[in-house]
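Here are my notes on the charged side chains. Please read them with the model open.

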Amino acid sequence: MGKYFGTDGFRGEANKDLSFEHAVKIGRFLGWYYGKRQNKKAKIVIGKDTRRSSYMFEYALCTGLMASGADAYIMHVTTTPSVAYIARVDDFDCGIMISASHNPYYDNGIKLLNGNGEKMDEETILKVEEYLDGKIEVPIAERDDIGRTVDYVAGRNRYIGYLISMTKYSFKDVKVGLDVANGAAWQVAKGVFDALGAKTYVINDSPDGYNINTDCGSTHIEHLQKFVVEKGLDVGFAYDGDADRCLAVDEKGNVLSGDHILYIYGTYMKERGKLLNNKIVTTVMSNFGLYKALDKVGIEYDKTDVGDKYVYENMQKTGNRIGGEQSGHIIFTKYATTGDGILTSLKMMEVMLAKEKSMSELAEPLVIYPQVLKNVRVKSKPEAQNDPDVQAAVAKAAEELGDSGRILVRESGTEPVIRVMVEAETDEVCEKYVDSVIKVIEEKGHLV
């Protein structure tokens with residue numbers, strides 16, 4: 001990770017951590033950089049979510065792009081995966097998404113995508129950061145070289161058409177609930193489900209610039225749980241602010257995490273001979289129950305660091321076709337280069353209809369183990385993590401848990417925190433082993 005850009009873009013509170021000046025400069029650099037590389041006007045597509053500050057950042061980016069000679073194609077309010085798709089299929093030099101995903105409305109972010117719709121490479125991002133720090137000079141465009149903006153709502157419509165083409169099944173008479181989080185899926189999701197014939201019921205679809213992710217969407221899925229049960233729906237899907245993640249709710253009101261989705265669709269792929277390498281890509285935070293369930297059906301798995309970026313990198317290297325995170329970032333590399341919440345929900349519908357089973361029946365073989373996660377603030381993450389006594393305590397816990405659970409101790413990527421997590425058959429067992437490790441961290445003087 002760089003000085004400004006993390007694994008999911010440049011993110012922070014609008015005009016405090018991430019300012020409009022930053023956005024202008026990012027536009028200035030990208031417009032010049034891609035124009036210089038091909039010796040012609042750069043062509044860059046931009047999307048945004050529904051935050052009030054997204055409009056400011058959209059205009060700031062466009063100003064910078066045009067001042068450097070690029071043409072900015074504006075998709076307006078749309079999802080992150082739609083920008084990735086359009087960047088790839090419509091031959092753009094790169095794509096920019098303005099969103100802070102599941103964060104509150106006062107935060108925002110700038111995500112950079114390459115011309116293949118993938119997260120931009122580290123080398124280019126480091127050059128952007130050098131320009132932000134004044135280490136690179138970028139000339140201003142003049143006369144005929146000055147860029148322009150192009151209204152490109154047609155790109156969003158093209159993406160909607162692509163989603164509709166993703167399934168061969170009619171959703172006729174299936175009652176589907178959607179929580180669009182007052183965010184980017186607001187103008188996309190319902191139209192897709194309606195076009196496929198579903199009886200679509202939508203909540204949290206009145207964005208006002210301040211209510212994105214507020215007590216709604218995938219981070220507050222309890223509202224969709226209640227809605228599905230009260231309305232007698234067959235299934236529900238909840239998205240986050242930029243709709244690159246999806247969680248599901250079955251007809252009984254139970255939550256299906258990203259782990260459930262990986263299991264349900266992964267086994268469906270295996271049954272049809274479509275699971276290349278017989279492998280699913282997970283992160284180290286996937287539930288122990290997922291691995292037990294996959295072992296039972298003979299599916300192998302890789303484990304990556306936390307972050308859909310690392311999941312996708314693994315899939316690119318290995319050719320694995322499905323991977324994701326417990327939080328609902330699911331990547332289907334045959335169809336997309338990023339997590340795509342709406343696509344994920346369509347794929348779950350496909351399994352339900354193809355196998356003629358309810359969502360609760362599809363999820364039943366996966367037993368989620370209880371999990372206890374505690375964050376410990378420490379003086380030095382590496383010192384606490386590498387302390388021989390701490391490592392010995394972790395090893396002892398792992399040995400005693402054996403095949404009935406697991407322990408994971410990792411450093412936070414953004415805070416001075418060590419995360420201690422145990423999954424086991426009961427909450428009491430989880431608490432016991434988490435506390436045993438934390439006690440050693442405390443005794444060795446690592447706590448703040």
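Predicted model: local features only at pLDDT ≥ 70, side-chain atom pairs only at ≥ 80, totals over all residues.

The points below cover salt bridges, then a charged surface patch.

1. Overall count. How many salt bridges does a search of the whole structure find? The search returns 24.

2. K309 and E122. These two side chains form a salt bridge, with N to O at 2.6 Å. The pair links distant parts of the chain. K309 sits in helix 10, residues 308-318. E122 sits in helix 4, residues 122-132. The partners are 187 residues apart. Is K309 buried or exposed? K309 counts as buried, because its relative accessibility is 16% and the cut-off for buried is under 20%. E122 has a relative accessible area of 33%, so E122 is partly exposed.

3. K279 and D302. Here the salt bridge spans 3.3 Å, N to O. Again, distant parts of the chain are linked. K279 belongs to strand 13, and D302 to strand 14, residues 300-304. They are 23 residues apart. D302 counts as buried, because its relative accessibility is 18%.

4. D387 and K444. The side chains meet in a salt bridge at 2.9 Å, N to O. Where do the two partners lie? D387 is in the loop between helix 13 (381-386) and helix 14 (388-401). K444 is in the segment after helix 15 (427-443). The pair therefore ties together parts that are 57 residues apart in sequence. D387 has a relative accessible area of 8%, so D387 is buried. K444, at 36%, is partly exposed.

5. The network. Which residues are linked in a network of salt bridges? They are D8, R11, K111, K119, D242, D244 and D308.

6. The positive patch. K168, R272, K274 and K334 gather on the surface in a patch of positive charge. One of them, K274, is placed in the loop between helix 8 (258-271) and strand 13 (279-283). Strand 13 also holds K279, from the pair in point 4. K274 counts as partly exposed, because its relative accessibility is 44%. Patch members need over 30% relative accessible area and no salt bridge.

How values were computed
Residues numbered from 1 in each chain as written. Heavy atoms only, no water. Patch = residues over 30% accessible without salt bridge, like charges linked within 9 Å, V, L, I, M, F, W, Y side chains within 5 Å. Areas by Shrake-Rupley, 256 points an atom, 1.4 Å probe, with all protein chains shown as cover. Salt bridge = Lys/Arg side-chain N within 4 Å of Asp/Glu carboxyl O. Lys, Arg positive; Asp, Glu negative; His and termini not counted. Charge placed at Lys NZ, Arg CZ, Asp CG, Glu CD. Helix = DSSP H or I, 4+ residues; strand = E, 2+ residues; numbered from the N terminus. Buried < 20%, exposed > 50% of the residue type's maximum accessible area, 1.4 Å probe, protein only.
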